[in-house]
Amino acid sequence: MRNPTFEFTRAITRRPAASIANGLRAEDIGNPDLDSMLAAHSAYVAALRSTGAEVIELDPLDAFPDAQFVEDTALCLPQGAILMRPGAPSRLGEVAEMAPALRGCYGDIREIKGPGHIEGGDILVTGTEILVGRSDRTDAAGVAELAEIAAGWGHSLREVFTPEGVLHFKTDCSLMDAETILSTKRLDASGCFKGYRVLHVAEGEEAAANAIRFNNLVLMAAGFPRTADMLDKAGYQIVEIDNTDCAKLDGGMSCLSLRF
């Protein structure tokens, strides 16, 4: 039987637009290079497809320079998809652009109507629950509305808190399997993963915490050798993807796809 937390048959991605230099960022460490980002995107899609999954690639959206970070627009569950309500005003329009693709894949689409806000980057679905991190982009009202929708589909939701200065909950963690979390020590110290097996990224490699388990693979950002070695020794099959340009826009592996 398929485990819906990390075994997927489909993914949705969106190619980066020429307007990416206008994307949001917490700190200006330089503009991303479009050609390099497109090459990394192609490698990412190829890795997903190598598992046998269907990957739906959507066209770039010049009007929305952050639109390649599709994860923030929706939560995909076995019962249906829930359209999010991003906390960044410039990203609100991305949800309507994503909705047609999801309606082509799901018979049941719900939506966060507000006034609260919530982004997919703050949501981690494990084998037993949905963890949602409060952050600058996800507030209490957004979490409460999602909890009500998820409960109707039989899912329990637990609210946790993202460390100060960390953009999204999943900036600092990712699911390795139904019971195992890859996390920074600073996030794990909050106690939010009690009862789970937790693997810590290496000191100084905190950016490696945002990875994805996709079928038999773990996709992680390149350039974090100690964390990659730890995951390899733990029995995971690693694919390293160049995340240099996405990182300039606070993006990581999970941000780049919706998986279901």
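The legends below describe close-up views of a predicted model.

**Figure 1. Overall view of the chain.** The predicted chain contains six helices and 15 strands. Its radius of gyration is 17 Å, close to the 18 Å that the globule rule gives for 260 residues, so the chain is as compact as a globular protein of that length. Along the principal axes, the C-alpha atoms fill a box of roughly 45 × 40 × 40 Å. Of the 260 residues, 54% count as buried. The accessible surface comes to about 10800 Å², and carbon and sulfur atoms contribute 49% of that area. Among contacts with a separation of 6 or more, 67% are between residues 24 or more positions apart.

**Figure 2. The salt bridge between Asp-59 and Arg-15.** The closest N and O atoms of Asp-59 and Arg-15 are 2.8 Å apart, and the two residues form a salt bridge. Asp-59 is located in the loop between strand S2 (54-58) and strand S3 (74-77), whereas Arg-15 is located in the loop between strand S1 (10-14) and helix H1 (34-49), so the pair ties together parts that are 44 residues apart in sequence. Arg-15 has a relative accessible area of 27% and is therefore partly exposed. Both residues belong to a network of salt bridges that also includes Arg-49 and Glu-57. In total, the structure holds 17 salt bridges.

**Figure 3. The salt bridge between Glu-119 and Arg-137.** Glu-119 and Arg-137 form a salt bridge in which the closest N and O atoms are 3.2 Å apart. The pair links distant parts of the chain, 18 residues apart: Glu-119 is in the loop between strand S5 (109-111) and strand S6 (123-125), and Arg-137 is in the loop between strand S7 (130-134) and helix H3 (140-152). Both Glu-119 and Arg-137 are buried.

**Figure 4. The salt bridge between Glu-159 and Arg-134.** In this salt bridge, the closest N and O atoms are 3.3 Å apart. Glu-159 belongs to strand S8 (residues 157-161) and Arg-134 to strand S7, so the pair ties together parts that are 25 residues apart in sequence. Glu-159 is partly exposed, with a relative accessible area of 32%. Arg-134 is also partly exposed, at 27%.

Figure 5. The largest nonpolar core has 21 residues, of which Tyr-44, Leu-48, Phe-69, Ile-212, Phe-214 and Leu-219 touch the most other members. Helix H1, strand S12 (212-214) and strand S13 (217-221) each supply at least two residues of this core. Helix H1 gives the most, with five residues. Beyond its neighbours within four places in sequence, Phe-69 is in contact with Arg-91, Cys-246, Leu-249, Gly-251, Cys-255 and Leu-256. Another core, of 16 residues, lies apart from the largest one and includes Ile-56, Cys-76, Ala-81 and Phe-260. In soluble globular proteins, nonpolar side chains tend to be buried together.

Figure 6. An open sheet with mixed pairing has the strand order S2-S1-S15. Strands S2 and S15 (258-259) form its edges, each pairing on one side only. Strands S1 and S15 run antiparallel and are joined by two bridges. Leu-258 in S15 is the bridge partner of Ile-12. In helix H2 (residues 93-103), the buried residues include Glu-94, Val-95, Met-98, Ala-99, Ala-101 and Leu-102. Among the elements that cover the buried residues of H2 are S1, S2, S3, strand S4 (80-83), S5 and S15.

Figure 7. Gly-114 and Pro-115 are joined by a cis peptide bond, with omega about 20°. Pro-115 is placed in the loop between S5 and S6. Asn-215, a residue other than glycine, has a positive phi near 55°. Asn-215 is found in the loop between S12 and S13, and its relative accessible area of 13% makes this residue buried. Asp-250 likewise has a positive phi, near 65°. Asp-250 is in the loop between helix H6 (244-247) and S15. With a relative accessible area of 29%, Asp-250 is partly exposed. Most residues other than glycine have a negative phi, and most peptide bonds are trans.

Terms used:
Residues numbered from 1 in each chain as written. Predicted model: local features only at pLDDT ≥ 70, side-chain atom pairs only at ≥ 80, totals over all residues. Heavy atoms only, no water. Salt bridge = Lys/Arg side-chain N within 4 Å of Asp/Glu carboxyl O. Helix = DSSP H or I, 4+ residues; strand = E, 2+ residues; numbered from the N terminus. Buried < 20%, exposed > 50% of the residue type's maximum accessible area, 1.4 Å probe, protein only. Core = buried A, V, L, I, M, F, W, Y, C linked by side-chain atoms within 4.5 Å. Contact = heavy atoms within 4.5 Å. Rg over C-alpha atoms; globule rule 2.2 N^0.38 Å. Areas by Shrake-Rupley, 256 points an atom, 1.4 Å probe, with all protein chains shown as cover. Pairing = 2+ DSSP bridges.
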